[in-house]
Amino acid sequence: EETERTDRIKAALAELGDDVVILGHNYQRREIVEHADFVGDSYGLSKRAAEADAEYVIFGGVTFMAESADIITDDDQSVILPSMEASCPMAGMAEALQVDSAWAEITDAAPDADIIPITYMNSYADLKAFCASQGGLVCTSSNAHKAFGYAFEKGDKVLFLPDKHLGENTAHRLGMADEIAQWDPWDPEGKDTAEVAESDIILWDGYCQVHERFRVEHIEAIREDNPDAKVIVHPECRREVVEAADKAGSTATIRETIENAAPGETWAIGTEVHLTNHLQRWHPEVNVVPLCGDACMDCNAMRQIDPNYLTWVLEELVEGREHNVIEVAPEEKDLAEVALDRMLEI
Ligand code: 13P
Ligand code: SF4
């Protein structure tokens with residue numbers, strides 16, 4: 001069945017030629033990744049989308065990534081997401097409307113401060129537009145520290161959304177761990193305005209439900225089993241997990257680390273399991289293991305991109321029919337592009 005589907009995808013791609021480019025995130029299934037022209041992290045994918053000149057950009061990833069690709073590509077290019085159900089739950093944890101009202105409370109709490117909002121790429125276009133409108137920008141896990149640098153040059157406080165763990169890990173990386181205030185929009189007790197007034201970094205209370213499940217005990221168990229094992233985790237993991245690991249970085253950094261590992265080394269990977277599986281396949285000379293054994297650390301949003309849907313959107317394009325085109329509303333597009341361009345420039 002898989003061979004037949006692979007043949008159909010290849011035949012559709014041959015028919016479509018240069019009209020189509022397939023971009024895939026590192027967390028996509030093998031059956032998607034093997035058809036992609038480029039496989040990478042969120043930052044790499046946004047750069048590739050900006051450079052793409054194909055009429056159709058087929059995006060193996062989640063909605064916020066496809067939205068960003070639509071913003072960055074030209075108006076005569078279409079971005080297609082094979083499943084409209086592929087939505088990252090973390091991106092839904094900071095809705096622009098909700099952030100808008102929190103912004104009024106936060107700026108009231110520190111009336112003399114110049115607060116710059118930074119949103120993680122894992123957010124929708126309207127929030128990116130909001131950040132640009134307040135002098136802020138977008139970042140990914142590979143450049144959050146640079147985005148903080150940009151913001152502190154322009155203002156004196158940062159509101160970071162939606163991922164509190166990436167925010168906290170970045171604050172530590174910059175030696176600003178004592179400067180953190182938490183902002184939990186769902187809990188009246190979690191909005192400490194006195195803390196906001198005193199702190200340089202305000203963290204919105206969002207998180208990734210896949211990465212939050214990694215624990216220090218997983219690292220301890222790996223090391224007990226194999227004292228020479230090294231551990232690399234994604235910075236969406238909890239602070240204590242990042243601290244206990246040997247290294248933390250974006251999915252591109254995780255890939256590079258395994259590419260540069262010496263044969264025979266053992267590396268435990270604390271991120272979405274499909275990337276761990278790819279690394280096992282791509283680097284059989286390295287002993288790559290998932291950080292938490294058999295526990296199922298897969299991202300349901302990423303998994304929505306089923307190879308049958310990829311076949312469907314491609315075969316429909318051959319017939320001249322476009323489906324699942326991601327189009328950011330024109331009133332958000334220009335400002336969201338400013339926020340993304342600021343990131344691409346830093
Ligand atoms: P990267 O930018 O590191 O690829 O991460 C994206 C993501 O969604 C991690 O959960
Ligand atoms: Fe979102 Fe987490 Fe999935 Fe990444 S792994 S797309 S942050 S839910």
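**Close-up 1. Strand β12 and its two partners.** In this predicted model, V231 stands opposite A268 of β12, and A268 in turn stands opposite V289 of β13. Strand β10 (residues 230–233) runs parallel to β12 and is joined to it by 4 bridges, while β12 and strand β13 (residues 287–290) likewise pair in the parallel sense over 4 bridges; pairing requires that DSSP finds at least two bridges between the strands. Helices (H or I, at least four residues) and strands (E, at least two) are DSSP runs, numbered from the N terminus. Of the 5 residues of β12 (residues 266–270), 4 are buried, that is, have 20 or more other C-beta atoms, placed from the backbone, within 10 Å of their own.

**Close-up 2. The shell around ligand 2.** The residues surrounding ligand 2 include C88, N122, C208, E236, E272 and C299, and the shell divides into 9 nonpolar, 1 polar and 2 charged residues. Ala, Val, Leu, Ile, Met, Phe, Trp, Tyr, Cys and Pro count as nonpolar, Asp, Glu, Lys and Arg as charged, and the others, Gly among them, as polar. A residue belongs here if its C-beta atom, placed from the backbone, lies within 6 Å of the molecule.

**Numbering and confidence.** Residues are numbered from 1 along each chain as its sequence is written, with chains lettered from A and ligands numbered from 1 in the order in which they are written. Because the model is predicted, local features need pLDDT of at least 70 and side-chain atom pairs count only at pLDDT 80 or more, whereas totals for chains, interfaces and linings use all residues.

Note on methods: A residue is buried if 20 or more other C-beta atoms lie within 10 Å of its own, exposed if 12 or fewer, and partly exposed in between; C-beta atoms are placed from the backbone.
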